[in-house]
Structure formats: C-alpha cells, structure tokens
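Reader: Please take one part of this model and look at it closely. I would like to hear about the aromatic rings and how they pair.

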Amino acid sequence: MILEYNVKVDAFEGPLDLLLHLINRLEIDIYDIPMAQITEQYLYYVHAMKELQLDTASEYLVMAATLLAIKSKMLLPKHEDDLLEEELEYSEEDPRDELVERLIEYRKYKSAAEELKAREQERGQVFTKPPSDLTEITESIPTEKMDLNVSIYDMLGAFHKLLRRKKLQKPMSTKITRQEIPIEKRMEEVLQELRAFKGKKRFYELFPYPEKEHIVVTFLAILELMKRNEIEVDQENNFEDIIIAAKGGVESSGTR
C-alpha cells in the first residue's frame with residue numbers, strides 16, 4: 001500500500017506571490033530581474049512542493065515554463081544587422097517586461113489587500129457601547145501573536161535544504177519498514193520533544209529519520225503547530241537556520 005499525501009496549504013497564494021517573495025528575499029531589483037537566478041530558486045520551491053505531494057496548481061507549472069522561456073530568449077544571440085527596422089525595434093524589447101508589469105500590478109493589489117485587512121482588524125476593535133473596565137478580563141487572557149518573522153516560503157525553503165541533506169546522508173542500501181504516522185500523533189511527539197529539550201531546537205533536528213513518509217508527516221505537523229500557534233518559529237537572518245521552540249510551560253497543552 002502506497003501512502004499518499006494530498007494536501008493543500010492555504011498560505012500559498014499563487015506563482016506571482018512566490019516570485020515576489022523570492023525577489024524580496026534575494027533583494028533583487030524588480031525592474032532588472034536576473035532570470036537565471038530567479039528561475040533556479042523558483043524551480044527549487046516547485047520541486048519541494050512536489051516532494052511534499054502538495055496540491056500544486058497548474059499555474060505554478062505554467063509560470064515555471066514562462067520563466068524558462070524568458071531565460072532562453074535572453075540567452076539567444078541578437079543579429080541586429082540582418083533585421084528590418086520594425087524587427088529591430090521589436091527585438092529591443094526586454095522579454096522580462098510583461099512579467100515585471102504583472103509583478104508590479106500584483107504587488108499593488110497585495111499591498112491594498114493587506115491595507116484593507118489591517119483596517120478590517122482595526123474596525124473590528126471599535127464598539128459603540130459605552131466604555132467598560134475590562135482590566136481583569138484582559139489580564140487573565142494570554143496575548144497570542146503569530147510570529148511573522150518566518151513565512152511559509154521560508155519553511156518550504158528549509159524543507160528543500162533538508163531533503164538535499166537527507167539525500168546526501170542516505171546510506172547506499174537500507175531496509176525500509178513502512179509505518180503510517182498520523183499527523184496528530186507526530187504533532188504531540190514534536191511538542192514533547194521540544195518541551196523535553198527545555199529550549200530551542202534547529203529545524204533539521206526534528207527530522208531524525210531519512211524515510212520520506214516520516215519527513216513529510218513531520219513537516220506537515222510543524223506547519224499545523226504553527227497554524228495553531230503552539231510553537232515559536234524564528235530566523236535571525238536570511239538563509240540561516242530556522243529555530244523552533246514550544247510555547248507555554250512544560251506540561252503539554254494537547255492538540256485538538
């Protein structure tokens with residue numbers, strides 16, 4: 001029996017969102033995109049999605065083909081002497097222009113959406129009733145704030161590095177025993193391991209076994225714990241190790 005994982009992660013907003021993330025992370029000028037570098041990084045992320053067997057939309061693959069096509073056009077030699085005037089004018093057009101326009105337009109809508117969301121949250125805090133003293137109530141409720149220092153794309157990049165590391169460390173021959181691990185159970189194990197450690201652990205330290213099924217389940221368990229705000233995920237600088245720690249005390253709060 002082959003164990004399959006068909007998972008859709010809501011944090012993935014589309015290929016343009018992934019490209020914009022890579023541009024920001026690599027500190028690339030959006031008006032002068034190095035196609036070789038951005039295409040290579042994009043394909044790394046798509047490969048990681050496939051390894052996770054995520055419900056990857058066809059638009060990601062279409063964008064991958066588009067990037068490869070633009071990269072190929074930029075590598076073609078130009079023979080301007082043999083071109084007519086109209087063809088010469090057309091040849092001077094940058095093949096990246098259309099992609100840049102789409103990215104800029106997407107960035108505008110993304111920024112507007114974030115602004116509207118912030119206003120919605122701000123408006124949600126406004127009430128028309130007379131003010132009341134809620135000091136006792138607010139002090140008894142712990143303040144939970146999602147750590148936005150690490151995004152879903154950072155986690156995906158760390159997962160891709162982990163796959164490469166496990167592949168290099170994988171023995172030439174091994175005996176694989178298949179054992180299905182429920183995500184809920186793996187979540188409990190990750191929390192217990194973090195709390196037993198009484199501190200922070202590096203991302204790759206939570207993957208002790210080389211089996212793909214165990215790696216995928218562990219990664220999805222970490223994402224679910226992030227979603228439930230039961231762990232803290234931090235990364236001091238770009239491309240450094242991601243640090244994970246359990247929230248709360250030593251006693252497990254349990255998973256739902």
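Author: F159 is buried, with a relative accessible area of 1%. F219 counts as buried too, at 1% relative accessibility. Bear in mind that this is a predicted model.

Start with the pairing itself. The count comes to three aromatic pairs. F159 and F219 form one that is tilted. Their ring centres lie 4.6 Å apart, with 40° between the planes. Why tilted? Planes under 30 degrees apart count as stacked and planes over 60 as edge-to-face, so an angle between those cut-offs is called tilted. F159 sits in helix α7, residues 152-169. F219 sits in helix α9, residues 212-227. The pair therefore ties together parts that are 60 residues apart in sequence.

F219 also pairs with F203. Here the ring centres are 6.2 Å apart and the planes stand at 90°, so this pair is edge-to-face. F203 lies in the loop between β1 (201-202) and α9, while F219 is in helix α9. This pair links distant parts of the chain, 16 residues apart. Both F203 and F219 are buried.

Now put the rings together. Ring pairs link F159, F203, F207 and F219 into a cluster.

Then step back to the whole chain. The protein chain has nine helices and three strands. Along the sequence, the pattern reads α-α-α-α-α-α-α-α-β-α-β-β. Of the 256 residues, 34% are buried. Among contacts between residues at least 6 apart in sequence, 75% join residues at least 24 apart. The accessible surface comes to about 17700 Å². Carbon and sulfur atoms account for 51% of that surface.

Conventions:
Residues numbered from 1 in each chain as written. Predicted model: local features only at pLDDT ≥ 70, side-chain atom pairs only at ≥ 80, totals over all residues. Heavy atoms only, no water. Phe/Tyr/Trp six-rings, centres within 6.5 Å; stacked < 30°, edge-to-face > 60°. Helix = DSSP H or I, 4+ residues; strand = E, 2+ residues; numbered from the N terminus. Buried < 20%, exposed > 50% of the residue type's maximum accessible area, 1.4 Å probe, protein only. Contact = heavy atoms within 4.5 Å. Areas by Shrake-Rupley, 256 points an atom, 1.4 Å probe, with all protein chains shown as cover.
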